[in-house]
Amino acid sequence: MSNTVTFFPNCKKCKTPVGAAVVGEPISLTLKFTRPQNPADVYLILTKDNEDPVGYAMNLVKDEDGEYTYSIAVKVTTPGLYFYHFEIHNEEQVYRVGSDVDLHALLGKGSDWQLTVTSDEYAPTVLDGGVMYEIMPDRFFVGGERKKTKAYATYREDWGGVPEFRADDSGKIRNEDFFGGNLKGIAKKLPYLKSLGVTCIYLTPIFEAHSNHKYDPGNYMRVDSDFGTEDDLKDLIKKAAKRGMKIIVDGVFSHTGDDSIYFNRAGNYDSLGAYNSVKSPYYDWYKFKNYPNEYECRYNIDIMPNTDCKNPRFDEFVAGTEGVIRHWTRMGLGGWRLDVCEELTDEFIAHCVRAAKKENPDAVMYGEVFMDASNMIVGGARRCFVTDGKLDSVTNYPFKEDILNFVRCGDANRLNNTVGFVINNYPKRAVDSLMNVLGNHDTARLMTVLGDSGEINSREDKATASVKNIKEAVKLVKMASALQYTLPGVPCVYYGDEVGMEGFEDPFNRKCYPWGGGNKDLLKWYKQLGKVRHNEKEIFAHGKYKSIDTENGIIFFKRKVNGDEVYVIVNNSGKAYSPKLDGEYTDLMTYTPFSGKVADKSVAIVKATSKTTFPVKKKRKVK
């Protein structure tokens, strides 16, 4: 059968709407192919997840060029995940047209495309088009007099020293060394964050906990004394708002600390913890195997006992009217990032989202999800985290992995395919708000990942290692960050990446911000990326993505909204590249005329000169 078949779900000529659909919305699918004679029949085969497939006959139209178009419009009446392909029936046999050739969908569903159907209408978030910045408070900046309230803690005076990484006599790394960064310190550095174009500050946990990282919650209703007070948090929220910034915080609800008011294994709290008695009001929050010393815990680390988010009392404590989410959101928080969402039920997540939006309709709810958040398999069941009253969006690890892969290996097709499946599988709301990370508190530093630190054989080596090829590594960081800032979603910069901080995985990636130091050239680059996003906000907030060239180490695409376009070219080909562009263009990173060539290991972000708004230079006052 001599056919040239054309179907691409992210093209409006083939499918509308592009991406997820809303219940009851007409979904138009058009399949084109050319052949000498008509096939007998063409069908759309649509299957709801875990249900039987249904075939729909498509309608034939022949245009003047002899191209046959088969189209159909369907309405899906119930939300969920659907999968589809096409079948061409003729006298010879049945031919299948699926995603294995046209779109690398990573579905685990054979060669079907995915169709996500949600009951949610499109609603942009207040963070779209902005810049996020992740801060671990203890390591950012010390504001005012340090509070030293924990008897067991080591209060460090060597800002910038290597965090403690050696295990104690029991084989545990306690994370009990504190450098003194706090909420007042963050407030003092708001002008710096503003210079980066930051519109949202994402704080790792700030609530009372034993450790320096606070991912072992001790009391959800108190700001940790090392970071300050509730008034300090209110002050930070207020001062950030004046500079156009939202504050979102990490909500760690899949587990608590064993040294907490709820578990109280060490007896440090004046409470009847779950570890202390089966009559504790918190006993059924946890999953004991052999009471009291055997219980489910995060990563099998016994200092972080898992909670049971199906427990009604725990659910009410977190998401109820007087619960954790509403208590802190009504104080002015701009949203939350829910830690390890695969450990939380859909119902619990929905309750958290509802609680936050009851207090602040504009609150943005993110979730930590490591794979495709629309169809992830967890415990043998498929999960969708971004539809039907659940999360606004998620941590975008698929982009992270393939941006880094492109920068290291030049595989632009793989990155483009990943962008394609995310656009196809997620609601547009979730795509526009994606938390685009290249590094964070869980991963090695971006500079370390892309640089050469020499031979590493032990944790001792990691503690003292440094990147040898700084100049080359900076080029790679610039390429990666340009993609982070211009692909769909919101870039989330891990504190210090903008000045080239180095470090392998935890705790080496959690060093103190090097105030007065770092790579000034890289800092200038990040500041300009922030300006580009600010000046072209609508394009990067809601603009469509269209790939132009992904061959031979080049990724060349455009973002377009309402006739306004920005072109992005990242060259990892080994030689100069001349993109096919008609007319005169301005390089937005320098506001100089675009020469028409992009050097190897370089970036160009360009816009037609006739449509470019040039920044007004402020005149200096003569004293």
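**Salt bridges and other details**

Author: Asp 224 and Lys 150 form a side-chain salt bridge, at 2.9 Å from N to O. A salt bridge here is a side-chain nitrogen of Lys or Arg within 4 Å of a carboxyl oxygen of Asp or Glu. This is a predicted model: local features need pLDDT of at least 70, side-chain atom pairs count only at pLDDT 80 or more, and totals for chains, interfaces and linings use all residues. Residues are numbered from 1 along each chain as its sequence is written, and side-chain values use heavy atoms, with hydrogens and water left out.

Reader: Is Asp 224 buried or exposed?

Author: Buried, with a relative accessible area of 0%. Lys 150 is buried as well, at 12%. The cut-offs are under 20% relative accessible area for buried, over 50% for exposed and partly exposed in between, using a 1.4 Å probe and protein chains only.

Reader: How many salt bridges does the structure hold?

Author: 43. One of them pairs Glu 322 with Arg 330, the closest N and O atoms being 3.9 Å apart. Glu 322 is exposed at 60%, and Arg 330 is partly exposed at 39%.

Reader: Switching to helices. At what angle do H13 and H14 pack?

Author: About 15 degrees, with the axes 11 Å apart; H13 covers residues 470-486. Axes are lines fitted to C-alpha atoms, for helices over the stretch in contact, and angles run from 0 to 180 degrees between N-to-C directions.

Reader: And which residues of H13 meet H14?

Author: Val 474, Val 477, Lys 478, Ser 481, Ala 482 and Tyr 485, where contact means heavy atoms within 4.5 Å.

Reader: Last topic, the backbone. Which peptide bond is cis?

Author: One of them runs from Tyr 291 to Pro 292, with omega near 0 degrees. Another cis bond joins Asp 506 and Pro 507, where omega is about 5 degrees.

Reader: What about phi of Tyr 299?

Author: Near 55 degrees, a positive value in a residue other than glycine. Tyr 299 is exposed, at 57% relative accessibility.

Definitions and conventions:
Helix = DSSP H or I, 4+ residues; strand = E, 2+ residues; numbered from the N terminus.
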